[in-house]
Amino acid sequence: MYCKNCGQPLAPNAAVCLNCGVAVGTGTSYCQNCGAQTVPGAVICTNCGVSVATTAAPVANGQQKSKLAAGLLGIFLGSLGVHNFYLGFTGKAVAQLLITLLTCGIGAIVTEIWGLVEGILILTGSINTDAKGVPLSD
């Protein structure tokens, strides 16, 4: 096992890294499995394929967004970007809304397909975090 902060090998059953002094499991710069440097924001290690995402993301204000609500909003109101507003992806949401409104509804066909696909991806777990990286609740 390797330190996620500095990438150095850890002693068995260590609580802190003897090299950098950081608590075991803290950090996002190195893979805990192989010690390779990770790409910022990566979900898996490009060297060994093990998940490098933190298992317990901080929950903003103690509230997780509902996977079911987000998925259903995407399926039924996807052309307006309501599901993306709900999850905090305001850039995508505004784009969907503007495409629908500025094309007098003609673009709604495209944005509804877009919302439908995202809704299904949310319900199947392919999209499983909100804009802040907080996991969606079941």
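The protein averages a pLDDT of 87, with 93% of the residues scoring at least 70; pLDDT is the predictor's confidence in each residue, from 0 to 100. Where pLDDT is low, the predicted coordinates should not be read in detail.

A bit of housekeeping: this is a predicted model, where local features need pLDDT of at least 70, side-chain atom pairs count only at pLDDT 80 or more, and totals for chains, interfaces and linings use all residues. Residues are numbered from 1 along each chain as its sequence is written, and side-chain values use heavy atoms, leaving out hydrogens and water.

Now for helix α1, residues 67-77 (helices are DSSP runs of H or I, at least four residues, numbered from the N terminus). K67, A70, G71 and G74 are buried here (under 20% relative accessible area, with exposed being over 50%, 1.4 Å probe, protein chains only). Down the axis of α1, the buried residues fall within an arc of 100° (taken from the directions from the helix axis to the C-beta atoms), so they line one face of the helix. They pack against α2 (82-87) and α4 (108-124), while L68 and F76 are exposed on the face turned away.

K67 also makes a polar contact of 3.1 Å, side chain to side chain, with D138 (N or O atoms within 3.5 Å, one able to donate a hydrogen and the other to accept it; residues adjacent in sequence count only if both atoms are side-chain atoms).

| Charged end | Ring | Distance from ring centre |
|---|---|---|
| K65 | Y86 | 5.4 Å |
| K92 | F89 | 4.9 Å |

Methods:
A charge sits over a ring if NZ of Lys or CZ of Arg is within 6 Å of the ring centre and within 35 degrees of the ring normal. Helices (H or I, at least four residues) and strands (E, at least two) are DSSP runs, numbered from the N terminus. Contact means heavy atoms within 4.5 Å.
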